[in-house]
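Morning, everyone. I'll take a few minutes on how two chains meet, then turn to each chain in turn. Here is the model.

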Amino acid sequence: MLESYLTWLMEELATAGSSLLDLRKRVSLWYLLSAVGFAFVVFYWRYGKHGWQRLLPYVSPKVWLSRSSRTDVGLWLCNRLLLALLIPKTLTHALWISGLYYYWQKQGLTPLGLGWSTTWVMVLFTFCYVIADDFSRFFTHWCLHKVPMLWAFHQVHHSALVLTPFTVFRTHPVEGVLFFMRSLCVQSVMVSVFLVLFPNQVSLWQIYGVLVTTFLFNVLGANLRHSMVVLSYGPRIEKWLISPAQHQIHHSTDVAHYDRNFGVLLAIWDRLFKTWLPGNDQQTLKFGTGRAIDRTGVIGHWWIPMMDCADVIRHGVAKRCRNLKKRLTIREP
Amino acid sequence: MKKTLLSLLVACSTSAMAAQSYEFGVTLQGYDGSATSSVSYGGQIARHALHNSLKKVAGKGDQAQMNTYLSSTEAGRVILDPVSKDGFPVKQSKIDELSSGKDLLSSAYDGVITGWPGNPTGQELLEQLVDAAAKTKAGYDPVNGYDYVQLISKFAMGAVFYNKAVNHYLEEKLEADQHPNNEAYKPGTAYTGKEHVWDEAFGYFGAPANGLSLSAKEVVQITKQNPEVFAKADANGDGVVDLKSEMAFAHAYYAASVDASAGTNYFHTIMQAFVDGRQLISDAKGKALTDAQRTELKEYAAVIATAWQQVIAEAAFKYAGSVYADLEKIAVIEEAHGDVSKAYRNYVKHWGELKGFALALEAAGRDLGNAQAGLDRLIGFSPVLFGDAQVVALDGKGGFVQANAGPMQEYKLNMIKVQNLLAQSFALEAKLNDKTAGMSDVLEQLNAAAQSAEND
């Protein structure tokens, strides 16, 4: 029993560790290095031979060895073990997609029969999938900030006092389950619809086994979003793509920056929802929530959100009771 | 320069020596008999002939005849299939000419089969199927939706051939203390322990010895005894096809059949691994295999076991697609108020093939993980019948109990799920009769099982 548990534990941790070489993971060493290369080129172009100094925070031991950074890594590994138990490993997506694929056909959806080549179908599917996926990420993120019960869990991500690429894993397990469900919904709908419309032609445009946009996003410095390196794409590009500097604004403690820049890849959703703010290379920001959770470890980051969520529910119930009482009192003659 | 030329010559001569046919000389040290070949798998070919003959008699529903080919070891049994045809004569006509005293049942899997009501062992299930077939007309039970000819044949191939080869000869028998290579398999034999163990596994695969020089299409046609491929089949040119070494049986046929339709390479992958493994044993020249040699041999065995399992899963995948198509046809005919009896017969036949192959996957003691429970539940104990019923259990007397299973046409969704499950669990390549529109390929790309909780 103990032996099989230890085997499972080691396997899960080894799999987590393998992310460092897995091109499908943002924290792959290749992307960690490519982010430096990308930023180096941009800074050299903008600031000349001293531009590289702006990259120093990326490798600062003070940042990487801080308690906040250690909590990032702790949450990454501990969440991995917990989610391995919470989220079914295989076939969930296959079952949902199978069910929906069958349902659409029953509802009368049939192949379009346009005679398009498989390459065109791949391009169209990849485009639609990326748009749907990016919007769903934006909207989930927006909800995590706007719905108090969800913010109770999302505060974990915002409690980081310093940002490192591993802050991407700074997440409450409940939020991890939400992300899984988001991906399940988007993938099930997109894949099932396209399979009916273009049978045997659906595939994603990939580079080295990675979705083309994810690959480019990661190669071109996605890891800088969660880092102390401030890099703006400039006002024109930032209207369309979220830059590292814009995401850092999202983490800022400044009240003026609250609930801004929810987007992942595209900035258009923030513009539509009036939450868009541009970034710039000179911005100086402080990070964190300003609450006690900022200075706790893994257990605190698992526990405090549960308590906060319970508080939100308790207050919600109490408020409803008060309103009901008030209404009943008014109705009494 | 001289060294380079020498090494080139050595490389050329080595590759020339590498076997292209499953024929190997005697290596047993101290052997003083007259045999020149160390290859022997007559007992396995006898069981192939028993299986083929059993399939023939299962369609007649005569229990005594079925038992003759399933469990009896009596002498004088006639081979009912394959038999000589115009333009395709075969050498043997009696089981004893291949090997005497052989039966199918005692070699069948004796572990539990979870996919059949009552959780019988593989051996019990074969007996039950034969008993039940004897109570039907021509092996067809329209009330419960069973085609016993298909169920018996497809399951027997897995429970006997696949099981004995993969679960027995290519597994435990490869250990150092089992039939060592520096001893005769039995006193008086011309072959060593390990040579014969490997040969027995090869015999169960059912490929002709010259399989590497045949195309997949030719292998298929040999099984079908097409006179056009007779010259290819009759490798030694003696004017008859020797069932012992020149015929294609069972999973070798299915592997070639999948390859011929889909352009995959299962047959030659398995065949090459068998030949390479046997060459390795021959190269040991009658000495005990070293640990390194056995490790390499086990790698060939793993290639064979994986591809063999894939062949069975590919067959199940194909028939899940056929069941789906049959249900579509039934719906169309019903809507037009036509006669569905022929379409229903095909539906039951294809379901029998699907179920037989799915049960075969369970019949070799290999851990199928979630796939086993998934296949059992999705396929069920019978097809969904008219009236939306399905067999769900056995009663106290061994009769089938039916219950409502939801609309018959909804069973199509189960077939889609079965195809996805098979494609994902066994990394299938051919995926014939795919009714999922290529879903498993997209799922693979999406890497749906990603576990990390990543923020944005």
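So, how many residues does the contact take from chain A and from chain B? Chain A gives 46 residues and chain B gives 31 residues. Keep in mind that this is a predicted model.

Now the area. About 3300 Å² is buried between chain A and chain B. Carbon and sulfur atoms give 55% of that.

On to specific interactions. Which side chains form a salt bridge between the chains? They are K106(A) and E410(B), at 2.6 Å, N to O. The count of salt bridges between chain A and chain B is one. For polar contacts, the count between these chains is eight residue pairs, with both residues at pLDDT 80 or more.

Which elements of chain A build its side of the contact? Those giving two or more residues are α4 (67-86), α5 (92-106), α6 (118-146), α7 (148-158) and α8 (173-197). The largest share comes from α5(A), with ten residues. By residue type, the side of chain A that touches chain B splits into 21 nonpolar, 15 polar and ten charged residues.

Let me stay with salt bridges for a moment. Over all chains, the structure holds 20 of them. One that sits inside chain A joins the side chains of D72(A) and R170(A), again N to O, at 2.6 Å. This pair ties together distant parts of the chain. D72(A) is in helix α4 of chain A, while R170(A) is in the loop between α7 and α8. They are 98 residues apart.

Next, the annotation. An unreviewed UniProt entry places the feature "domain: Fatty acid hydroxylase" at residues 127-275 of chain A. What does the model show over that stretch? The chain there is 54% helix and 3% strand. The end C-alpha atoms of residues 127-275 are 24 Å apart.

Last, chain B. Its secondary structure comes to 15 helices and four strands. Along the principal axes, the C-alpha atoms of chain B fill a box of roughly 80 × 70 × 45 Å. Why call the radius of gyration of chain B in agreement with a compact globule? Because a compact globule with 456 residues would have a value near 23 Å, and chain B has 23 Å.

To recap the contact: 46 residues from chain A, 31 residues from chain B, and one salt bridge between them, K106(A) to E410(B). That's it from me. Questions, please.

Key: Residues numbered from 1 in each chain as written. Chains lettered and ligands numbered in written order. Heavy atoms only, no water. Contact = heavy atoms within 4.5 Å. Buried area = accessible area lost by both parts, 1.4 Å probe. Salt bridge = Lys/Arg side-chain N within 4 Å of Asp/Glu carboxyl O. Polar contact = N/O pair within 3.5 Å; in protein donor to acceptor, adjacent residues only side chain to side chain. Nonpolar A, V, L, I, M, F, W, Y, C, P; charged D, E, K, R; others polar. UniProt positions renumbered as here; feature names shortened; annotations may be inferred. Rg over C-alpha atoms; globule rule 2.2 N^0.38 Å.
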